[in-house]
Amino acid sequence: MTTLALTVSASPALAADQLAQYQWQQRVLIIRANENVGAIRMMLDQNQQAINERDLVWFLLSPSGVQSNREADVTPALQQQIQNLLEESPGAAAILIGKDGTIKGRYSELDLDVAFGLIDTMPIRKREMSDP
């Protein structure tokens with residue numbers, strides 16, 4: 001009985017922690033788009049250099065599924081975690097997660113300049129910018 005209880009309780013924890021693979025490695029931007037998916041994707045593509053400079057992984061959730069600059073990482077468990085995170089923030093069009101794994105910002109609309117500005121004020125990012 002005890003083994004079954006541990007297995008059952010461990011499974012949701014594993015599924016719920018898919019974003020942990022980025023902790024201390026990259027920042028994560030989760031974006032919800034019910035429309036204008038093409039325009040958002042084009043904005044992300046046009047800002048790829050700034051995204052790369054900030055070690056940013058993005059996930060774009062739309063009615064057709066999840067797109068990402070790390071497509072290979074998108075698993076059903078990760079997609080579910082992204083959906084859950086957005087459901088917990090009903091007014092958010094975007095959520096920024098720092099390298100420490102905590103939510104740094106919730107945005108009612110996606111504005112990459114605002115997100116980049118916030119990232120650039122973070123202590124880890126300041127160290128990254130000062131190191132050659």
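1. The model is predicted, so local features need pLDDT of at least 70 and side-chain atom pairs count only at pLDDT 80 or more, while totals for chains, interfaces and linings use all residues. Residues are numbered from 1 along each chain as its sequence is written, and side-chain values use heavy atoms, with hydrogens and water left out.

2. The count comes to nine salt bridges, a salt bridge being a side-chain nitrogen of Lys or Arg within 4 Å of a carboxyl oxygen of Asp or Glu. Arg27, Arg54, Asp55, Lys99, Asp120, Arg125 and Glu128 are linked in a network of such bridges.

3. Within this network, lysine 99 forms a salt bridge with aspartate 55, where the closest N and O atoms are 2.8 Å apart. Lysine 99 is buried, with a relative accessible area of 9%, whereas aspartate 55 is partly exposed at 26% (buried means under 20% relative accessible area, exposed over 50%, and partly exposed in between, with a 1.4 Å probe and protein chains only).

4. Lysine 99 also forms a salt bridge with glutamate 128, with the closest N and O atoms 2.4 Å apart. Glutamate 128 is partly exposed, at 24% relative accessibility, and its side chain meets that of arginine 125 in a further salt bridge of 3.8 Å, N to O; arginine 125 is buried, with a relative accessible area of 8%.

5. The charged end of arginine 54 sits over the ring of phenylalanine 116, 4.5 Å from its centre, where the rule asks for NZ of Lys or CZ of Arg within 6 Å of the ring centre and within 35 degrees of the ring normal.
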